[in-house]
Amino acid sequence: MKTIFVDGYNVINSWAELNSIKNNINLESAREKLIEILIDYSEFKGYKIFLVFDAHLIQGNSGEKIKVTKNLIVVYTKESETADSFIEKYVNSIGRKYEVCVVTSDNLEQQVVFQRGSTRMSSIEFYNEVINVKGKISLKAKKIASEKRYNRIEDRLDDNTFKILDKIRKDDKNS
């Protein structure tokens, strides 16, 4: 299974929609929207995603990992630990054993994780990937909806045949 580490604030600041939510509403709403997006993406692709947010400036913070779904884990780093250092530590331990990708637009971070066995993707490249997957999800949903629509006999009949059979049904019911 592919594992993706996402630098949450880097993505929020890079994606116009999320940045707008952050600036016009609040940061918490932007985080929640990113989580919603990644739930769909991770479930569709079957990837394990660690969405990492810096919380290193919060004194006394012991960090937190929240398993949102089987494939999405949200991490708030502990005091004095940046998202970059958290990601580097995990990539260092699994980067050469498993397929790992790090999403960040931080050039230095991209170089470090690449040296430790991970592939890297910029936040904008990841945005395009997510939009592509969103389109595939939409097409799949439409296909499922259209298949369900044709499970009823009346959905498969032309109007004239349906009217004739409906008249027979009503006449039979009244007899």
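Biologist: Which residues form one aromatic cluster?
Modeller: The model is predicted, so local features need pLDDT of at least 70, side-chain atom pairs count only at pLDDT 80 or more, and totals for chains, interfaces and linings use all residues. Residues are numbered from 1 along each chain as its sequence is written, and side-chain values use heavy atoms, without hydrogens and water. Rings of Phe, Tyr and Trp (its six-membered ring) pair if their centres lie within 6.5 Å; planes under 30 degrees apart count as stacked, over 60 as edge-to-face and the rest as tilted. One aromatic cluster is made of Trp15, Tyr41, Tyr47, Phe126 and Tyr127.

Biologist: How many aromatic pairs does the structure hold, and what is the angle between the planes of Tyr9 and Phe53?
Modeller: The structure holds ten aromatic pairs. Tyr9 and Phe53 form a tilted one, 4.9 Å centre to centre, with the planes at 55°.

Biologist: How many residues apart in sequence are the parts that this pair ties together?
Modeller: Helices (H or I, at least four residues) and strands (E, at least two) are DSSP runs, numbered from the N terminus. Tyr9 lies in helix α1 (residues 8–14) and Phe53 in strand β2 (residues 48–53), so the parts tied together are 44 residues apart in sequence.

Biologist: Are Tyr9 and Phe53 buried or exposed?
Modeller: Buried means under 20% relative accessible area, exposed over 50%, partly exposed in between (1.4 Å probe, protein chains only). By that cut-off, Tyr9 and Phe53 are both buried.

Biologist: What is the centre to centre distance of Tyr41 and Phe126?
Modeller: Both Tyr41 and Phe126 are buried. Their pair is edge-to-face, with 80° between the planes and a centre to centre distance of 5.3 Å.
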